[in-house]
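This briefing summarises the structural features of one protein chain for computational work.

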Amino acid sequence: KGISAFISNIITVVFVAAGLFAFFNLMIAGFSYITAAGDAKKIESATYSINMSLIGLVVMVASAAVTGVVSYLLFGSATAILSPSISGPGSFN
């Protein structure tokens, strides 16, 4: 609870928003590619957008994987950084 849950929720929202953005960008770029009608500039622009969207998805997955590995090495749990639990005296209720 508290600040650790808030940060975890923010990270989750950022990942979901980035994934949705990449998905819609891929859809728009794919539609642009299909409707280019042989125009080299439109095809090049659509291909660039598709490549950048895929690179963005790879970076997102890689960052989550690196965070999981570092978390496992430091804390013994792959979810310790993304879902932290703070324990101590007292109650946070």
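Ala-37 is exposed, with a relative accessible area of 78%. This residue belongs to a predicted model, in which Ala-37 occupies the loop between α1 and α2. The protein chain as a whole has two helices and zero strands.

**Overall composition**

- Of the 93 residues in the protein chain, 11% count as buried.
- The protein chain exposes about 7000 Å², and carbon and sulfur atoms supply 74% of that area.
- Among contacts between residues at least 6 apart in sequence, 47% join residues at least 24 apart.

- Helix α1 covers residues 3–34 and includes Val-14.
- Val-14 has a relative accessible area of 52% and is classed as exposed, because that value is over the 50% cut-off.
- Together with Ile-3, Phe-6, Ile-7 and Ile-10, Val-14 makes a nonpolar surface patch of about 490 Å².
- In general, residues three or four places apart in an α-helix point the same way, because there are 3.6 residues a turn.

**The loop between the helices**

- Thr-35 lies in the loop between α1 and α2.
- With a relative accessible area of 41%, Thr-35 is partly exposed, because this value falls between the 20% and 50% cut-offs.
- A polar atom of the Thr-35 side chain lies 2.9 Å from the backbone oxygen of Phe-31.
- Ala-37, in this loop, has a phi near 55°, a positive value in a residue other than glycine.

**Helix α2 and its end**

- Helix α2 spans residues 40–75.
- The buried residues of α2 are Ala-46, Ser-53, Met-60, Gly-68 and Ser-71.
- Just after α2, Gly-76 takes a positive phi of about 80°.

**Ser-53 within α2**

- Ser-53 is located in helix α2.
- Ser-53 counts as buried because its relative accessibility is 4%, which is under the 20% cut-off.
- Leaving aside residues up to four places away in sequence, Ser-53 touches Ala-22, Asn-25 and Leu-26.

Conventions
Residues are numbered from 1 along each chain as its sequence is written. This is a predicted model: local features need pLDDT of at least 70, side-chain atom pairs count only at pLDDT 80 or more; totals for chains, interfaces and linings use all residues. Side-chain values use heavy atoms; hydrogens and water are left out. Patches are made of residues with over 30% relative accessible area and no salt bridge: like charges are joined within 9 Å, nonpolar side chains (Val, Leu, Ile, Met, Phe, Trp, Tyr) within 5 Å. Accessible areas come from the Shrake-Rupley method with a 1.4 Å probe; for residues, only the protein chains shown count as cover. A salt bridge is a side-chain nitrogen of Lys or Arg within 4 Å of a carboxyl oxygen of Asp or Glu. Helices (H or I, at least four residues) and strands (E, at least two) are DSSP runs, numbered from the N terminus. Buried means under 20% relative accessible area, exposed over 50%, partly exposed in between (1.4 Å probe, protein chains only). A polar contact is a pair of N or O atoms within 3.5 Å; within protein, one must be able to donate a hydrogen and the other to accept it, and residues adjacent in sequence count only if both atoms are side-chain atoms. Contact means heavy atoms within 4.5 Å.
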